Amino acid sequence: PVATLIPPPRGLRGDIWNNVERVTLRNFMQMASGFDYKHDPVNNPIYDARQDRVALAIGQKFIAEPGTRFNYSDADALMTGTVIASLADRSLLEFAESTLFKPLHMSNYAWWFPDQGGRFPGGWGLRLRPMDMLKIGQLYLQKGEWNGASIFDEKYPDLAWAPGVSNRYGLHWWIGKVKGVPFYFANGFKGQRIYVFPSLRVVAALTSSLPGKEEAVVPLSVVTAIIESADPAYPVDAESDAKLMEAQKAGFHGETRVRQDNQDSPRRF
């Protein structure tokens, strides 16, 4: 239970703290906490850096028994990050720097929007270069090994990619299959993606600023093209290739939501 892994926020009522005695870390990582979270980045107060986000996350009402219902939740990802920071006894950013960013020689990263307690959100605000997103995918493909060092246990990818409460989601990784080829992906806002195709030994990263309609079409077209290019068992499908070319010719209409002088900075993931 998460109540055994983190200290209670100051001033929190005891009945609210009792909530996390029912929820395990695995429940949070599988997006199956049972809390009634509604994904609304505009109005949900959990995105407000002035709040105590942990108190908000665990103060939600239960709508299902933990471990029985999948519900995409940035609050669940927030709690995963909170547990990591608590057990590491340092901020989530400091832990990521020492265990991942520096060993993989990543640079120009940033993690935005810490809350009033200095906690970094586990579910949003991380900005990475595409080449560093690729390194994360490659690290999983290599089962945690990087330049002869073990970054994480070699058995962890199999654990993280095993279906949980939803057969489309493992431990903070999405699960997909196209043309019979399984793949796993980290899914970020407006089209940021890290794709890993273990059977093809291929990793891909996408950065974009796509509105909802295009975000629903473009990544799937790219995945199909990757599989057709990398797997000789699947010859190029003229129809899917033509669709991707049409999309390219039409151009994309994503909106720039940061300053123009920030365009070469790492994208939010």
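In this predicted model, strand 5 is joined to strand 6, which covers residues 181-187, by five bridges, and these two strands run antiparallel. Within this pair, Val178 stands opposite Val181 of strand 6. The two strands belong to an open sheet of four strands, whose order is 5-6-7-8 and whose pairing is antiparallel.

**The sheet**

- The edges of the sheet are formed by strand 5, at residues 174-178, and by strand 8, at residues 202-206, each of which pairs on one side only.
- Going from one strand to the next, the twist averages 25°.

**Helices lying across the sheet**

- Helix 9, made of residues 218-230, lies across strand 5, strand 6, strand 7 and strand 8, and its direction is at about 30° to strand 7.
- Helix 6, made of residues 130-141, lies across strand 7 (193-197) and strand 8, and it runs at about 150° to strand 8.

**The nonpolar core**

- The largest nonpolar core contains 28 residues, and those with the most contacts inside it are Phe101, Trp111, Leu128, Tyr140, Trp161 and Trp173.
- At least two residues of this core come from each of helix 5 (92-101), strand 2 (126-128), helix 6, strand 6 and strand 7.
- Helix 6, which also lies across strand 7 and strand 8, gives the most to this core, with five residues.

**The surroundings of Trp173**

- Leaving aside residues up to four places away in sequence, Trp173 touches Tyr140, Ala160, Trp161, Arg168, Tyr184, Phe185, Ala186, Ile194 and Val196.
- Tyr140 and Trp161, both touched by Trp173, are also listed with Trp173 among the residues with the most contacts inside the largest nonpolar core.

Methods:
Residues are numbered from 1 along each chain as its sequence is written. This is a predicted model: local features need pLDDT of at least 70, side-chain atom pairs count only at pLDDT 80 or more; totals for chains, interfaces and linings use all residues. Side-chain values use heavy atoms; hydrogens and water are left out. Two strands pair if DSSP finds at least two bridges between them. Axes are lines fitted to C-alpha atoms, for helices over the stretch in contact, and angles run from 0 to 180 degrees between N-to-C directions. Contact means heavy atoms within 4.5 Å. A nonpolar core is a set of buried Ala, Val, Leu, Ile, Met, Phe, Trp, Tyr and Cys residues joined through side-chain atoms within 4.5 Å. Buried means under 20% relative accessible area, exposed over 50%, partly exposed in between (1.4 Å probe, protein chains only).
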